[in-house]
Amino acid sequence: LLPSLPTLTVLVPLLSLAGLFYSASVDENFPQGCTSTSSLCFYSLLLPVTVPVYVFFHLWTWMGIKLFRHN
């Protein structure tokens, strides 16, 4: 039932961009409101950054395990 990785790779930034545009159009103090963790704007900025960082460190850990096993 979970979407595939390529689908999530496209879907998460699009949803985050939609949330960012929604926050920019609705919230009256848009740039300052992005610092509150209860704000939709905060998560629309956080999600596109979190996914590549997670993938990078996941691959980093995997490479470390591979190098450790082969040496």
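This is a predicted model: local features need pLDDT of at least 70, side-chain atom pairs count only at pLDDT 80 or more; totals for chains, interfaces and linings use all residues.

**Confidence and helix packing**

pLDDT is the predictor's confidence in each residue, from 0 to 100. The protein averages 76, and 90% of the residues score at least 70.

Helices here are DSSP runs (H or I, at least four residues), numbered from the N terminus.

Now the packing. Helix 1 (residues 5–26) packs against helix 3 (residues 40–70) at an angle of about 155 degrees, with the axes 8 Å apart. That makes the two helices roughly antiparallel, a label for angles over 145 degrees.

Which residues meet? In helix 1, they include Val 12, Ser 16 and Leu 20, and in helix 3, Leu 40, Ser 44 and Val 51; contact means heavy atoms within 4.5 Å.

UniProt, in an unreviewed entry, places a "transmembrane region" at residues 42–65; such annotations may be inferred rather than shown by experiment. The span is 100% helix and 0% strand, and its end C-alpha atoms lie 34 Å apart.

Two notes on method. Residues are numbered from 1 along each chain as its sequence is written. Local features need pLDDT of at least 70, side-chain atom pairs count only at pLDDT 80 or more, and totals for chains, interfaces and linings use all residues, while side-chain values use heavy atoms, leaving out hydrogens and water.

Technical notes. Axes are lines fitted to C-alpha atoms, for helices over the stretch in contact, and angles run from 0 to 180 degrees between N-to-C directions. Angles under 35 degrees count as roughly parallel, over 145 as roughly antiparallel, 65 to 115 as roughly perpendicular and the rest as oblique.
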